[in-house]
Amino acid sequence: MSIINDQLDFSTVANVFLVHGSLQSPAFLDGRLCAELGLHDVSAEGWLEEVCLALNVEQPESRDDADVLLGWRRQTLDALSAAELNFEPLLPDELFSLSERAQGLKEWTHGFLEIVNEVDGETYGNWSSPLKEALEDLGQLSAIDVEITDDPENENDLFALTEHARMAAMLLYTEQHPGQPQVEQPEGEQAESGDPAANDAEKPSSLH
């Protein structure tokens with residue numbers, strides 16, 4: 001199996017976890033991955049080592065499994081650094097109940113904040129107000145009630161909360177990597193570039 005040109009989804013990664021005897025959700029590790037890529041660019045080798053440690057194995061069972069785990073990191077990095085701002089956290093999709101999806105978001109948030117909370121005071125002090133506010137929102141999100149019924153209102157609420165997580169991850173990455181994606185160019189450069197993505201330059205900070 002080649003995943004180089006395929007979009008990995010939650011179930012694909014979860015199935016690799018099952019192959020290795022783990023019932024844990026990939027959401028928690030995805031939250032950590034997003035924060036690590038935002039803060040200090042975890043290497044492919046470092047990421048594979050972290051996942052194997054979480055799965056309590058020395059190495060992936062097969063090359064295909066390793067490809068999925070490494071593709072997971074590459075896909076996340078590509079999305080975070082893309083000018084299209086189309087990053088999405090790896091979470092349970094509509095095939096899962098709203099309760100399971102809420103649990104996945106909660107676990108993702110815990111993983112993300114676990115890494116972010118390790119930063120020193122100087123780093124935190126240099127962050128923008130929108131990023132700090134987004135992280136405060138995530139702190140509240142980590143305590144959400146996951147025992148919810150499948151109805152349109154709860155689904156809309158969960159979508160809004162997931163958008164908070166998505167924006168926080170993109171804000172962290174763009175602030176730590178100026179110009180990657182190229183959403184912080186001076187307005188004149190954006191206009192001259194003719195890049196449609198330039199119109200979305202302020203999108204991450206639209207959370208508030």
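Visitor: Hi! Where is the place of Gln7?
Guide: Gln7 sits in the segment before helix H1 (10-19). Helices are DSSP runs of H or I with at least four residues, strands are runs of E with at least two, and both are numbered from the N terminus. This is a predicted model, where local features need pLDDT of at least 70, side-chain atom pairs count only at pLDDT 80 or more, and totals for chains, interfaces and linings use all residues. Residues are numbered from 1 along each chain as its sequence is written, and side-chain values use heavy atoms, leaving out hydrogens and water.

Visitor: Is Gln7 buried or exposed?
Guide: Gln7 is exposed, as its relative accessible area is 66%. Exposed means over 50%, buried under 20%, and partly exposed in between, for a 1.4 Å probe and protein chains only.

Visitor: How many residues apart in sequence are Gln7 and Gly71?
Guide: They are 64 residues apart in sequence, while in space Gln7 and Gly71 are 9.0 Å apart, C-alpha to C-alpha.

Visitor: New topic: how many aromatic pairs does the structure hold?
Guide: It holds 5. One of them joins Trp47 and Trp72, an edge-to-face pair at 5.0 Å centre to centre with 85° between the planes. Rings of Phe, Tyr and Trp (its six-membered ring) pair if their centres lie within 6.5 Å; planes under 30 degrees apart are stacked, over 60 edge-to-face and the rest tilted.

Visitor: Which parts does that pair tie together?
Guide: Trp47 belongs to helix H3 (residues 44-55) and Trp72 to helix H4 (residues 63-81), so the pair ties together parts 25 residues apart in sequence. Trp47 is buried at 0% relative accessible area, and Trp72 is buried too, at 1%.

Visitor: And what about the rings of Trp108 and Phe112?
Guide: That pair is stacked, because the ring centres of Trp108 and Phe112 are 5.0 Å apart and the planes are at 15°. Both residues lie in helix H5 (residues 98-116), 4 residues apart, which is about one turn of the helix. Trp108 and Phe112 are both buried.

Visitor: At what angle do H2 and H3 pack?
Guide: Helix H2 (residues 26-40) packs on H3 at about 155°, with the axes 12 Å apart. Axes are lines fitted to C-alpha atoms, for helices over the stretch in contact, and angles run from 0 to 180 degrees between N-to-C directions. That makes H2 roughly antiparallel to H3. Angles over 145 degrees count that way, under 35 as roughly parallel, 65 to 115 as roughly perpendicular and the rest as oblique.

Visitor: Which residues in H2 and H3 meet?
Guide: Leu29, Arg32, Leu33 and Glu36 in H2 meet Trp47, Glu50, Val51 and Ala54 in H3. Contact here means heavy atoms within 4.5 Å.

Visitor: How do H3 and H4 cross?
Guide: Their axes come within 10 Å and cross at roughly 125°, which makes H3 oblique to H4. On the H3 side the contact is made by Ala44, Trp47, Leu48 and Val51, and on the H4 side by Leu69, Leu70, Trp72 and Arg73.
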